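Take a look at the chain below.

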Amino acid sequence: MFDSTTSNLTSSSAWANLIQDQDAIRFLETTILPPYLNSCRWFAGKARQQEHFRIRFVHEIPFRSDSYTAEKAYLIIVEAGYANGETENYLLPLSFIETDRPDVPDVLPKGIVTTAVFDQKPGLIVDAIYDERFRQVLYFNLAHQNALAQKTGRIVFHRGRGLAAEHIDAEVTSRVLPVDSSNSALVFGVPNQGETYFLKLYRKLFQETNPEVDLVSFLTEHSHFTHIPAYAGSLIWQQEGVPDVTLGMMQLMVENQQDSWNQTGDYLNDFLYAVPHRLFTIKEDVFDRVELLGRRTAQMHLALYSPESNDPSFAPEPFTDDYREFIIRRFESLLERRYTLVIDNYAKLDPLAQRLAWVFMEAKEMIDEFVNDFRHRPLESLRIRIHGDYHLGQVLATGNDFIIIDFEGEPESSISERKIKHSPLKDVAGMIRSYHYAVSAKLFGSTETEHIDPDHLQRVSERWYKLIRDTYMDAYLETIGSPHPLYKNNSEVNFLLLVYLLEKAVYELGYEISYRPAWVKIPLKGIMDVIREIEKIRIADPTRNSDLPLLQMGLLQTKKE
Ligand SMILES: Nc1ncnc2c1ncn2[C@@H]1O[C@H](COP(=O)(O)OP(=O)(O)O)[C@@H](O)[C@H]1O
Ligand SMILES: O=P(O)(O)O[C@H]1O[C@H](CO)[C@@H](O[C@H]2O[C@H](CO)[C@@H](O)[C@H](O)[C@H]2O)[C@H](O)[C@H]1O
C-alpha cells in the first residue's frame, strides 16, 4: 500500500486506483496540498488561519489516448477550512506523468504538485492543466457535449454557439496562458486559424451556476451581442437535487494588444508630459476611444435589457423596497467597516489623506441623510442583470474596438449577491471611478510631476477626469436613447449614479487601505466628489428642511508649510 516514510508520495496501487488508497489521499491532504495550494496565485485563503484541507470529491476524466500510460486525470475538489468563517472549495485537476519514459513532457515548476511513485512507477503529480492530454480531453468532451458519470453526479460538457461546427473534430493544439489570476486560462488552436478558443477553469467553486456563464451565454445566444468573446461552452458538475457547480467556461480567443487600463495609461502619458509645461492636451483620439467605450457599455446594457425574454432571471425589475433595503444594509455595514478601518489606520495616512479622511468622517450625517433619501425617493427606473465588476481592466483593446470580459462579478460578494439585478448605472459608476483612478495614479505617481504643487496637479487631474467622464456619459446616454424604460429621467440618472459612485468609492477605500495604502487618496477623493454633489442637491432643494451644517471643504486645501 502506501509508504509515507519517503518525502514524496509512494503507493503500491496504480494511479488509476488512487481513490482506493485512503492513506495516499490522507498524505495529499495533510502534507502535499497545504504548501502546494499556498503557492498558487488563485488560492484566496493565504491570509486566513488555515485549519484543514480535505479532498471532498474526486471526479474521473479518462484520457482519449494513453501516451504516457496513466490513463486518467482527476478533478479534485478540495475543501479549505479556517479558524474563522466559512470553508471554501477549490478545483484542482490532477494527473500523473511517469518520468522513466523517453517522451516525458516539460512541466513548469509551479505545476508540479509532488513527485510520486505509483505501482513502482516514478513520476510527477501535476496540476493537470499542464498536461497536454488533459487539455485535449477537455476540448474533445466539450466539442462533443459529453456527460461523464461519476460516483457523485456527473460532469456535463456543454457546447455553445461560439464553437464552430467545423472545429468539433479538429486536432487542436493547446497551452496554458501565462496570466496569473484568480482562475486558470487555457487556449486552443485549430488548424490554419491559430489560437481560437479560450477556456477559463474556475478555481474557487460555488454551489451555483457561475454568473459569468449566465451572462456570457445569454449575451451570445439570446442577444447576439458581439462585443464579448462569444460563448463556446462550459463544464458543469451536476447532482440530483442540488444546484449545479460551474467548473469552467470556453469563449472565443480575442486577439488584443492590451487591456483598456494600460491603453488609457499610455494615452495619459502624453497628457502627463505636457503638465510641467503648463499645457493641457488631450488628443482627439482619446475622446474617440472614450466615446466608443461609452457606446459599447450602453450596447451591452441594451443587450442585457430583455423585457421579452422568457427567462425570469433576465426580466427587468423595479426598485422594490426589498432591493433598497438590501443595498442600504450592505452599504451601511460597508460604511461601518470603513470608518473603523480609517480610524485604525489614521496615523499611517499622509497629511492630505488625513484631511480627506477627516471630511469623510465629518460627512457621516450627510451620507446617512442621503441613504435615507434612497430609501424613500420614488424611483421608476429599472434594474437588470449587469456586468457587476466593470472597470478599465475588464475591457480588452482590439485595434479599433473593445471586447468586454470577466463577468464573474465582485470578488467580495457571494454568488447569490452577484446575481441581484441593479441599475446598469452601477457598471457606469465602476467605469467612471476607473477613469478617475487612471488619471490620479498617473499624475500623482509619476516622477515627471514630483515637483509640481499638489493643488495644481489636483486641479489638472480634475479637469481631465471631468471632461472624460462627461464624454463617456454623453455617449452612453445617447446610445441608450431617450426615453428608455431603464432610466425614468435625468434626475433619476444623476441620483442613482451618485448612489453607486459612493458605494464603489467606499468599497475601494478598504481595498486600498488593505492592498495599496499609497493610493488611498484616490477613493477618498472620489468620496469627496460625491459628497460635494450631494451637498449641491441639498442646497438646491427648497423643500428640504435639514439642520445639517455645510461641510468644511476648506480643510482640503493643501497647506503650504
Ligand atoms: N476571450 C479571451 N481572449 C483572450 N484573452 C482573454 C480572454 N478572456 C480573458 N483573457 C485574458 O486573460 C486574463 C484573465 O481573464 P479574466 O476573465 O479577467 O480572468 P480572471 O477571472 O482569472 O481574472 C485577462 O486579463 C485577459 O488578458
Ligand atoms: O481583481 P478585480 O479586477 O476583480 O478587482 C479588484 O482589484 C482592482 C485593482 O486591480 C480594484 O480596482 C481599483 O483599481 C483599478 C486600478 O488598478 C481601477 O481601475 C478601479 O476603478 C478601482 O476600483 C477593484 O476595486 C478590486 O475589486
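How many residues does helix H7 have, and how far does it reach from its first C-alpha to its last? Helix H7 (residues 351-362) has 12 residues and reaches 16 Å, close to the 16 Å expected at 1.5 Å a residue. That expected span is 1.5 Å times one less than the number of residues. Helices here are DSSP runs (H or I, at least four residues), numbered from the N terminus.

This is a predicted model: local features need pLDDT of at least 70, side-chain atom pairs count only at pLDDT 80 or more, and totals for chains, interfaces and linings use all residues. Residues are numbered from 1 along each chain as its sequence is written, while chains are lettered from A and ligands numbered from 1 in the order in which they are written.

Stay with H7. Leu352, Ala353, Arg355, Leu356, Ala357 and Phe360 are buried there (20 or more other C-beta atoms, placed from the backbone, within 10 Å of the residue's own). Helices H6 (321-345), H11 (454-480) and H13 (521-540) are what the buried residues of H7 pack against.

Now the domains, with bounds from an automatic or database domain assignment. Domain 2 covers 136-252, and domain 3 covers 255-317 + 382-482. Their centres, taken over C-alpha atoms, are 28 Å apart. Contact (C-beta atoms, placed from the backbone, within 7 Å) joins 17 residues of domain 2 to 22 residues of domain 3.

Why does ligand 1 lie between domain 2 and domain 3? Both domains give residues to the shell around ligand 1, so it lies between them.

Note on methods: Two residues are in contact if their C-beta atoms, placed from the backbone, lie within 7 Å. Helices (H or I, at least four residues) and strands (E, at least two) are DSSP runs, numbered from the N terminus. A residue is buried if 20 or more other C-beta atoms lie within 10 Å of its own, exposed if 12 or fewer, and partly exposed in between; C-beta atoms are placed from the backbone.
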